[in-house]
Protein chains: 2
Amino acid sequence: MMLGFNEPEFSAQVASAVALRPQIEELVDRLVDEGFDQVLLVGAGGTYAQMWPYEHLARRLSTLDVRAAIAAELIVSGDARLGERTVAVFTSVSGTTDDSVRAIEYCKSKGAYTVAFTGYPESPIATKVDAALVSQPKTWPFDMQLLLFTGRLLARRGEFDGYEKLAGELAGLPGVLVDVARQAEPVAAAFADAHKDNDFHFLIGGGNLWGFTYLYSMCILEEMQWLRTTRVHSAEFFHGSLELLEEDTSVILFQGEDETRPLTDRAEAFARRVSKDVTVFDTRDYPLTGISPEFRGLLGPVVLDTVMSRVSKHLERVRDHSLDLRRYYRVMDY
Amino acid sequence: MMLGFNEPEFSAQVASAVALRPQIEELVDRLVDEGFDQVLLVGAGGTYAQMWPYEHLARRLSTLDVRAAIAAELIVSGDARLGERTVAVFTSVSGTTDDSVRAIEYCKSKGAYTVAFTGYPESPIATKVDAALVSQPKTWPFDMQLLLFTGRLLARRGEFDGYEKLAGELAGLPGVLVDVARQAEPVAAAFADAHKDNDFHFLIGGGNLWGFTYLYSMCILEEMQWLRTTRVHSAEFFHGSLELLEEDTSVILFQGEDETRPLTDRAEAFARRVSKDVTVFDTRDYPLTGISPEFRGLLGPVVLDTVMSRVSKHLERVRDHSLDLRRYYRVMDY
């Protein structure tokens with residue numbers, strides 16, 4: 001039994017995301033055929049962080065211009081490449097994020113083609129974009145859709161041979177992730193119990209997990225638990241933040257199985273020499289049945305999101321602090 | 001009299017950086033003539049953060065592919081565009097940063113043309129690159145050189161008309177920045193005196209000051225003062241971090257005069273509703289004699305670096321904590 005985990009709902013949500021495969025492929029194929037030379041992955045907060053792994057993937061494998069952008073900054077700063085050959089991709093759980101709504105309008109005003117992934121077909125975001133791809137309500141994260149989108153795109157450009165196999169394996173993701181959640185449950189409970197009174201956490205992650213590191217620090221620990229954090233990229237750890245470490249500093253590392261694993265290993269090895277409270281959440285601990293070894297690294301963000309969702313629920317329990325409680329967001333006007 | 005400020009040395013350093021103008025222009029012109037399609041701005045820690053404003057500038061004005069990269073990550077993750085048409089730019093005060101040395105070797109192995117700005121002509125970095133542009137020892141920051149480099153590049157591409165005027169005005173920068181430092185001195189002393197006992201600071205900045213926000217948080221407050229911080233982009237503030245604010249939270253905002261000013265204004269207005277300890281360091285407070293209004297925004301990073309260097313010296317004083325003290329960096333092996 002998992003704390004606050006609605007398994008049928010969770011499975012249906014993940015299934016609804018991977019079920020978008022044919023629509024995503026049809027869309028990508030059409031866009032490739034029409035020709036474009038820039039992909040903007042636009043978000044705000046958590047949905048911005050969720051874009052980083054796919055910018056990172058494209059940078060490694062593709063000569064196409066793919067970059068993540070902050071919705072509110074894009075509107076004021078612009079982008080000299082933004083135009084009729086741009087595809088701008090948005091995600092939003094509720095379909096109502098104001099910064100994203102305005103950024104869609106901005107991108108359209110420049111002639112870009114706009115795409116959104118959301119759970120609400122009647123929402124402002126779904127109705128404003130040129131193409132809305134709708135999953136079950138409240139589906140999160142968007143890694144499944146973004147991986148299919150980016151993977152198909154790179155495959156069509158001849159830059160990613162494994163796409164068909166990967167997309168096939170993603171059909172099993174609902175069961176894979178339920179297994180991950182189940183296995184993570186006692187780990188999450190133990191972490192929360194041991195850190196009930198910690199008011200500061202030091203987070204480290206790299207590669208395609210850097211976005212999740214940022215997200216978990218800002219959108220979960222800071223926003224939902226009002227806990228102080230610092231967050232640093234594995235490759236940046238040795239250039240400043242390490243000096244903060246003390247024997248009792250809670251250090252959380254997110255570790256995956258991509259090419260940046262040695263960077264996080266190095267940060268971990270150092271952290272363990274100073275702190276007695278180092279926790280590594282590592283995708284390697286999870287079997288991911290049916291997922292080929294070469295794709296495990298790509299699934300790092302969604303696997304760790306599942307693991308850490310369990311941690312969040314247990315932090316909520318031990319700290320008696322609802323994840324839904326806000327002091328300011330949608331409480332105060334601003 | 002300014003605390004620990006060697007005015008002749010500071011002026012000579014800034015002068016030595018802007019005096020690189022002819023060499024920078026000759027280099028950029030040659031690179032443009034030879035043809036290239038990607039500029040990688042590669043750094044580690046503070047020198048990575050220093051690249052962000054110039055990626056930001058290029059993105060606003062140019063269709064050229066210009067991006068900042070973390071040296072250690074670039075080596076393991078690669079970049080599908082990296083090749084013979086890439087110019088890779090490095091900066092290093094000492095010319096010895098190991099991550100950057102290795103990244104230079106990596107970029108050269110892919111055929112890229114490498115450029116470095118440093119203060120030591122015999123250093124590993126200066127001697128490894130294809131073109132080393134050497135300022136006075138210990139010259140920091142590198143904004144002068146990077147602004148001249150990026151400005152000339154965009155000018156040659158027809159994407160920045162103001163370059164000649166800007167470059168001419170930069171000749172007066174040594175005097176301008178000494179005036180900034182002098183004016184900031186009492187502000188810095190007052191901030192430090194009032195925050196002697198603060199063990200946590202919440203930093204906000206956006207646009208071309210986001211890099212400096214990251215740098216000041218990680219490389220100064222965390223690394224040199226062992227103070228806890230969180231750092232958030234102005235445009236991201238409302239998507240999580242704001243929930244951390246309490247009445248006594250020390251909030252530091254970096255404010256400039258570029259197009260993202262309204263994003264930071266909005267974060268400031270909110271922060272002031274919650275916290276009674278909000279400090280804004282604003283380039284608008286400084287006259288910058290001889291700098292045209294249209295360039296003030298571009299100089300935000302170097303102006304605030306000068307202001308905050310004064311703050312750092314006063315934090316060192318009130319906290320009796322040397323800025324040179326390290327627990328781990330170059331103390332422990334790792």
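**Stop 1: the interface.** Show chain A and chain B together. Between them they bury about 5700 Å². Carbon and sulfur atoms account for 52% of that area. This is a predicted model, so read each number as computed from it. Why quote an area here? The accessible area lost when parts come together is often used to give the size of an interface.

Now select His239(A), Glu243(A) and Tyr334(A). In chain A, these residues lose the most area to chain B. Together they make up 13% of what that side buries.

How many residues of chain A are in contact with chain B? Select them and you get 63, facing 63 residues of chain B.

**Stop 2: the links across.** Stay at the interface of chain A and chain B. The rule finds two salt bridges there. Pick Arg327(A) and Glu246(B) to see a salt bridge. Their closest N and O atoms are 3.7 Å apart.

**Stop 3: the axis.** Turn the pair around. Chain A can be laid on chain B by a turn of 180 degrees, with a shift of 0.0 Å along the axis. The RMSD is 0.0 Å. The two copies are therefore related as by a two-fold rotation axis. Both copies use the same surface: 100% of the contact residues of chain A recur in chain B.

Which residue of chain A comes closest to the rotation axis? Select Thr230(A): its C-alpha lies at 2.7 Å.

**Stop 4: helix α1 of chain A.** Select residues 7–18 of chain A. This helix has 12 residues. From first C-alpha to last it reaches 17 Å, close to the 16 Å expected at 1.5 Å a residue.

Look at the start of α1(A). A side-chain oxygen of Asn6(A) comes to within 3.1 Å of the backbone nitrogen of Glu9(A).

Next, show the buried residues of α1(A): Phe10(A), Gln13(A), Val14(A), Ser16(A), Ala17(A) and Val18(A). What do they pack against? Show α2 (21–34), α8 (143–156), α9 (163–170), α10 (173–194) and α14 (300–319) of chain A. The buried residues of α1(A) pack against these helices.

Definitions and conventions
Residues are numbered from 1 along each chain as its sequence is written. Chains are lettered from A and ligands numbered from 1 in the order in which they are written. This is a predicted model: local features need pLDDT of at least 70, side-chain atom pairs count only at pLDDT 80 or more; totals for chains, interfaces and linings use all residues. Side-chain values use heavy atoms; hydrogens and water are left out. Copies are superposed by least squares on the C-alpha atoms of residues with pLDDT of at least 70 in both. Contact means heavy atoms within 4.5 Å. Helices (H or I, at least four residues) and strands (E, at least two) are DSSP runs, numbered from the N terminus. The expected span of a helix is 1.5 Å times one less than its number of residues. Buried means under 20% relative accessible area, exposed over 50%, partly exposed in between (1.4 Å probe, protein chains only). A polar contact is a pair of N or O atoms within 3.5 Å; within protein, one must be able to donate a hydrogen and the other to accept it, and residues adjacent in sequence count only if both atoms are side-chain atoms. Buried area is the accessible area (1.4 Å probe) that two parts lose on being put together, summed over both. A salt bridge is a side-chain nitrogen of Lys or Arg within 4 Å of a carboxyl oxygen of Asp or Glu.
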